Amino acid sequence: MTDFKIDMDRQITKIKAWLAAYDGPDISIMEVCGSHTAAISKYGISGLLSPRLHLISGPGCPVCVTPTAYIDRLLELSLEPGTTVVTFGDLMRVPGRARSLADARSEGAQVEMVYSPMDILRLVKEQPQRRFVFAAVGFETTTPVYAMLLEQLIEQKIENVQLLTALKTMPEVIAWLCENGSGIDGFLAPGHVAAVTGAKLFEPLAARYQVPFGVAGFEAKELLLAVYGTFRAAVRCREDRGRADVKNYYPSVVTHEGNELAQRIVDKYFEVSDAAWRGMGVIPASGRLLRAEYAGFDAGSASLIQDHRKNQACRCDQVLMGRCLPGDCPLFGTVCTPQNPQGACMVSEEGSCHQYLMYHRTR
């Protein structure tokens, strides 16, 4: 065990030395996952990089990419007599066109905050006469949980719960970035998503766009290894010395095929749909909606595509696309703070602006 630790420490030392000393062409890697943005900021990994290596935060925070029309619809529902909106805490403070769910609740709107979608089953038992609408946002990681909730609602014959969905899938938005001049040389693939879908999810993208993917975990050393490996792979691709592929740096959790049980339950209740992304518009086949046979559980999700900004100077949409850093926004850290967010990227703890400000991340 001692020898293993010494070898690992030597490897980490070599990795840090290479990342700091790199002096080749500029290389940009995007961390697509909001949890990776948080971990990279927390562990100071971006501060280990040569000025020619760039880690860019992308559209991996589900709250951040949800369009304003979705928030406005939740606000409308929360004011309907006999209706309670149920949501996670980080969605409470995302600005709609005029205000947030937290603002509305302080004015008497019916909004409940929970930690798990399954908590709604308790609320239904406590208030069986009310209609509950769950704000179902997320990526491939959380969609199986909503499918399991639906299964429970059907089994228990609960008819006063609906979902307002804003469910997204990763491959299509990555393809959109590659096709719209992102200038990204490689991607850190989200480990939580890959645990459900399998690392195979990213193989067609690597082949089509000739950019490498590194499926990464979230602890400091495993994340650093993935950052290093993906940068090295991107350099080889730039020099035409290697074929772009997908490397799994999170084998303790992620397999090639993924969680097939989770995949099946999602396909049972949801179908592929177009989806609206903040700043990017509607991306075809990038979302999930309830299948027609379960339409009674839907609170009107399909039409929510408009996007408006509370403050027109906010550049959250550009940050999500990797076209600017949070610090490039004129509102960052002054008008826009976690206490007074002007855009969704400052609200969530997975949001790029929130993390850059909290950890003084400048690169």
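A: Cys61 and Cys64 form a disulfide, with their sulfur atoms 2.5 Å apart; a disulfide here is a pair of cysteine sulfur atoms within 2.5 Å. The model is predicted: local features need pLDDT of at least 70, side-chain atom pairs count only at pLDDT 80 or more, and totals for chains, interfaces and linings use all residues. Residues are numbered from 1 along each chain as its sequence is written, and side-chain values use heavy atoms, with hydrogens and water left out.

Q: Why is the disulfide of Cys61 and Cys64 right-handed?
A: The torsion about its S-S bond is about 70 degrees, so the disulfide of Cys61 and Cys64 is right-handed.

Q: Is Cys61 buried or exposed?
A: Cys61 is buried, at a relative accessible area of 3%, and Cys64 is buried at 1%. Buried means under 20% relative accessible area, exposed over 50%, and partly exposed in between, with a 1.4 Å probe and protein chains only.

Q: How many disulfides does the structure hold?
A: There are two disulfides. Cys316 and Cys345 also form one, their sulfur atoms 2.3 Å apart. That pair links distant parts of the chain, 29 residues apart: Cys316 is in helix α13 (residues 316-320), and Cys345 is in the loop between α13 and α14 (352-358). Helices (H or I, at least four residues) and strands (E, at least two) are DSSP runs, numbered from the N terminus.

Q: Changing topic, how much space lies in the largest pocket?
A: About 450 Å³. On a 1 Å grid over the protein atoms alone, a pocket is an open set of points where a 1.4 Å probe fits, with protein on both sides within 12 Å along at least five of seven lines; lining residues have an atom within 4 Å of a point. Grid points are joined across faces, edges and corners, and a volume is the space filled by probe spheres set on the points.

Q: Which residues are closest to its centre?
A: Of the 26 lining residues, Pro62, Val137, Gly138, Thr142 and Glu350 are the closest to the centre of the largest pocket.

Q: And what is the volume of the second largest pocket?
A: The second largest pocket has about 270 Å³. Its lining has 17 residues, with Glu140, Thr197, Leu201, Gln263 and Arg288 nearest its centre.
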